[in-house]
Amino acid sequence: NRHLSTCEILQQLLPEENVIHATAAEALTPSSNTSDCNNDGTDYDESSFSDIDFACYYFDGCGGFAPHIIGMMSAALIRPEATRMNNLHHLPKTMAVGYSLMGGSKDVIEKEMDINRAL
């Protein structure tokens, strides 16, 4: 997070290594310092998340139609087993998924539950 006050609050709630006071671009860019700054054989300097294998998906559900979001999630996240076996698709160890349900005011909670069940 780029706001120091927010980082301080988050560090009280989350493991400290999960919070960096930086913009997303800064946090995901490898450090220019490639020396072994921890004296442990690694280049990790705790100032970025650049060496963490992860992916993030955000599905925009304008119109509030849950089946469209579920379809987008399925297309992005479900891959045939043969594809994974041939290393054509790499599944990261960590994944974050977000979505929006803008529009359509009926049954918002039920739509959200449908999406979460599908996920």
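Mentor: Of the 119 residues in the protein chain, 18% are buried (under 20% relative accessible area, with exposed over 50% and partly exposed in between, 1.4 Å probe, protein chains only). This is a predicted model, where local features need pLDDT of at least 70 and side-chain atom pairs count only at pLDDT 80 or more, while totals for chains, interfaces and linings use all residues. Residues are numbered from 1 along each chain as its sequence is written, and side-chain values use heavy atoms, leaving out hydrogens and water.

Now the core. The largest nonpolar core has seven residues: Phe59, Ala66, Ile69, Met73, Ala76, Leu101 and Ile115 (a set of buried Ala, Val, Leu, Ile, Met, Phe, Trp, Tyr and Cys residues joined through side-chain atoms within 4.5 Å). Helix H3, residues 66–77, gives the largest share of this core, four residues (helices are DSSP runs of H or I, at least four residues, numbered from the N terminus). Leaving aside residues up to four places away in sequence, Ile69 touches Phe59, Gly61, Tyr99, Ser100, Leu101 and Ile115 (contact means heavy atoms within 4.5 Å).

Then there's the partner helix. On the H3 side, Ala66, Ile69, Ile70 and Met73 meet Lys111, Asp114, Ile115 and Ala118 in H5. The residues of that contact split into six nonpolar, no polar and two charged (nonpolar being Ala, Val, Leu, Ile, Met, Phe, Trp, Tyr, Cys and Pro, charged Asp, Glu, Lys and Arg, and polar the others, Gly among them).

Key:
Helices (H or I, at least four residues) and strands (E, at least two) are DSSP runs, numbered from the N terminus.
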